[in-house]
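Here are my notes for you to read alongside the model. Have it open in your viewer while you go through the points.

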Amino acid sequence: MEIPSIVSVFDTPEQLAQAAAERFVEYAHESQDSQGRFSVALAGGRTPSRVYELLATEQFKNRLDWSRVFLFFGDERCVPPTDPESNYAMVAVTLTSKVPVPPANVFLMAGEGNPTENAQAYEKHVREHFPGRIWPRFDLVMLGMGADGHTASLFPGSDALDESS
């Protein structure tokens, strides 16, 4: 089955953020109706932070059943979760401290310590959330884009782009 591509163009970053917040709510309802939960991989950075701020406003937060929302992180910086550079910290400030998502539904990716061990531990948590699947399948994966074109800590010209295993 081929899924049609949808490209939306907006005049301002605020219009983009509003549309993304609406889409988040729409996907949450669809997923919660069909499978009882909504599992999201969040992005860090400035692009999605406005979306998270909007989701925490009265316009959006009361339209979601936050008890059935599960928040993961697509990437994290190698810093503690309280560090201003942490994606977890940004999400805590803009979203999770302002909506009734259960703390157990927010899956922190450790930034301090050994990055390889942290990645392996996080993969284990993700796989446990999606039992019986070879590859986890999120209902929504949020991505931002840095000024240099990077997304999810994948930077142009990086060796990580050649990773295949």
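Is arginine 133 buried, partly exposed or exposed? With a relative accessibility of 44%, arginine 133 counts as partly exposed, where buried means under 20% relative accessible area, exposed means over 50%, and partly exposed is in between (1.4 Å probe, protein chains only).

1. Ground rules. This is a predicted model, so local features need pLDDT of at least 70 and side-chain atom pairs count only at pLDDT 80 or more, while totals for chains, interfaces and linings use all residues. Residues are numbered from 1 along each chain as its sequence is written, and side-chain values use heavy atoms, with hydrogens and water left out.

2. Layout. The chain has five helices and three strands, taken as DSSP runs numbered from the N terminus (helices are H or I, at least four residues; strands are E, at least two). Read from the N terminus, the order is α-β-α-α-β-α-α-β. The radius of gyration is 16 Å, close to the 15 Å that the globule rule gives for 165 residues, so the chain is as compact as a globular protein of that length. That radius is taken over C-alpha atoms, and the rule is 2.2 Å times the number of residues to the power 0.38. The C-alpha trace spans about 40 × 40 × 35 Å along its principal axes.

3. Surface and contacts. Of the 165 residues, 35% count as buried. The accessible surface comes to about 10300 Å², and 55% of that belongs to carbon and sulfur atoms (Shrake-Rupley method, 1.4 Å probe; for residues, only the protein chains shown count as cover). Take the contacts (heavy atoms within 4.5 Å) between residues at least 6 apart in sequence: 71% of them join residues at least 24 apart.

4. The core. The largest nonpolar core holds 35 residues, and Phe24, Leu95 and Met142 have the most contacts inside it. Such a core is a set of buried Ala, Val, Leu, Ile, Met, Phe, Trp, Tyr and Cys residues joined through side-chain atoms within 4.5 Å. Two or more residues each come from helix H1 (13-35), strand E1 (38-42), helix H2 (46-55), strand E2 (69-73), helix H4 (87-96) and helix H5 (115-129). Leaving out residues up to four places away in sequence, methionine 142 touches Phe24, Val40, Ala41, Leu42, Ala43, Pro48, Val51 and Tyr52.

5. Helix H1. H1 has 23 residues and reaches 32 Å from first C-alpha to last, close to the 33 Å expected at 1.5 Å a residue (the expected span being 1.5 Å times one less than the number of residues). Its buried residues are Ala17, Ala21, Phe24, Val25, Ala28, Ser31 and Gln32. Among what covers them are E1, H2, helix H3 (58-61), E2 and strand E3 (140-141). Just after H1, glycine 36 takes a positive phi of about 85°.

6. The whole structure has seven salt bridges, each a side-chain nitrogen of Lys or Arg within 4 Å of a carboxyl oxygen of Asp or Glu. Glutamate 14 forms one with arginine 50, with the closest N and O atoms 2.9 Å apart. Glutamate 14 lies in H1 and arginine 50 in H2, so this pair ties together parts that are 36 residues apart in sequence. Glutamate 14 is partly exposed at 32% relative accessibility, and arginine 50 is partly exposed at 30%. There is also a network of salt bridges linking Glu14, Arg50 and Glu53. Another bridge joins arginine 63 to glutamate 22, again with the closest N and O atoms 2.9 Å apart. Here arginine 63 sits in the loop between H3 and E2 and glutamate 22 in H1, 41 residues away.

7. Helix H5 and beyond. Lysine 124 and glutamate 128 meet in a salt bridge (3.0 Å, N to O). They are four residues apart in H5, so about one helical turn separates them. Lysine 124 is exposed at 52%, whereas glutamate 128 is partly exposed at 47%. Asparagine 118 is also in H5, and is buried with a relative accessible area of 15%. Leaving out residues up to four places away in sequence, asparagine 118 touches Ala110, Gly111, Glu112 and Gly113. As for arginine 133, that residue lies in the loop between H5 and E3. Arginine 133 is 93 residues from valine 40 in sequence and 16 Å from it in space, C-alpha to C-alpha.
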